[in-house]
Amino acid sequence: MSGSVLITGAGSGIGEACARLLAAQGWRTVLVGRRQAALERVAEDTGGLVLAADVANSATWPGLIEQIRAHCGGLDGVIASAGGHGLGTACQTSDEDWQTALRSNLDSAFHTARACLPLLRELRGSLVLLGSIAALAAGPAVCGYTTAKHALIGLTRSLARDYGPEGVRVNCVCPGWVRTPMADQEMQVLMDHHAEDLAAAYRRVTADVPLRRPASAEEIAAVCRFLLSNEASIITGAVIAADGGSTIVDVPTLAYAQLGGQP
């Protein structure tokens with residue numbers, strides 16, 4: 001299957017990997033993000049339409065949709081990959097920090113979905129929201145991020161419920177650690193504290209993950225591609241953990257695993 005696909009956050013990380021994979025398989029790509037230069041770098045290889053914009057701002061979408069209609073006619077798929085941080089405990093999170101976390105991780109997905117749904121409904125297309133295992137469990141001191149990613153699951157289910165009768169499928173992919181520039185930055189704290197390199201930091205954060213490694217951005221892009229494809233034609237409202245098995249681990253038994261035995 002191929003067609004026209006819009007990807008937000010397309011200038012780096014998972015969004016970029018999605019753009020490159022889908023373009024290589026014959027999809028016409030619309031690359032959306034805040035950084036014009038990053039998008040143009042990806043478009044040099046993918047040939048995609050570049051639309052530099054803040055997708056969390058609803059006022060930008062009418063103009064974007066007009067350009068998308070002129071360029072593509074419609075949309076067969078949307079991957080909402082734009083996101084950001086939301087660091088700190090609740091008491092450490094200012095009003096501004098809270099709004100930024102919700103805006104970058106939840107509002108961006110909502111406004112993307114709402115604006116693109118008319119195009120998806122016309123072609124009975126598919127929408128993929130990029131969540132996180134933070135949508136399924138809580139890490140330490142990431143209150144805004146965890147809350148926003150949990151809410152993405154509710155958005156996924158609401159959209160799937162309401163627009164399924166019109167043939168629109170909506171699913172959520174929840175990665176664990178993924179080797180991206182953003183994750184590399186998060187490793188810096190461990191690298192500094194333990195005086196270790198980037199590879200060692202990734203080994204540390206995946207030591208209790210069944211597959212014992214982070215994902216590549218390309219692996220997550222492959223999951224998104226599958227969900228857009230006809231092979232996933234019966235899947236909607238699903239939350240797919242692409243996390244190397246992180247979320248299946250029974251945390252209270254880790255002490256026994258470290259001894260190599262069973263409780």
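Tutor: Two strands are said to pair if DSSP finds at least two bridges between them; strands (E, at least two residues) and helices (H or I, at least four) are DSSP runs, numbered from the N terminus. The model is predicted, so local features need pLDDT of at least 70 and side-chain atom pairs count only at pLDDT 80 or more, while totals for chains, interfaces and linings use all residues. Residues are numbered from 1 along each chain as its sequence is written, and side-chain values use heavy atoms, with hydrogens and water left out.

The sheet is open and is formed by 7 strands in the order E3-E2-E1-E4-E5-E6-E9, with parallel pairing. E3 and E9 stand at its edges with a single partner strand each, so one side of each is left without a neighbour in the sheet. From one strand to the next the twist averages 15° (axes are lines fitted to C-alpha atoms, for helices over the stretch in contact, and angles between N-to-C directions run from 0 to 180 degrees).

Within this order, E1 and E4 pair in the parallel sense over 4 bridges, with Leu 6 opposite Val 78 in E4. E4 also runs parallel to E5, to which 4 bridges join it, and here Ala 80 stands opposite Leu 129. Both faces of E4 are covered: Gly 77 and Ile 79 on one side, and Val 78 and Ala 80 on the other, are all buried (under 20% relative accessible area; exposed is over 50% and partly exposed lies in between, with a 1.4 Å probe and protein chains only).

H1 touches E1, E2, E4, E5 and E6, and its direction makes about 165° with that of E1 (contact means heavy atoms within 4.5 Å). H5 (residues 143-163) touches E5, E6 and E9, at about 170° to the direction of E5.

H2 is linked to this arrangement through H1. The axes of H1 and H2 come within 10 Å and cross at roughly 15°, which makes H1 roughly parallel to H2 (angles under 35 degrees count as roughly parallel, over 145 as roughly antiparallel, 65 to 115 as roughly perpendicular and the rest as oblique). Glu 16, Ala 19, Arg 20 and Ala 23 of H1 meet Arg 41, Val 42, Asp 45 and Thr 46 of H2.

In H2 (residues 36-46), the buried residues are Ala 38, Leu 39, Val 42, Ala 43 and Thr 46. Seen down the axis of H2, they fall within an arc of 135°, so they line one face of the helix (the arc is that of the directions from the helix axis to the C-beta atoms). Their cover includes H1 (13-24), E2 (28-33) and E3 (49-52). The face turned away from this buried side carries the exposed residues Ala 37, Glu 44 and Asp 45. Just after H2, Gly 47 takes a positive phi of about 75°.

One loop residue also deserves mention. Ser 229 lies between H9 (217-228) and E9 (239-242), and it counts as buried at 3% relative accessibility. Leaving aside residues up to four places away in sequence, Ser 229 touches Met 1 and Arg 169.
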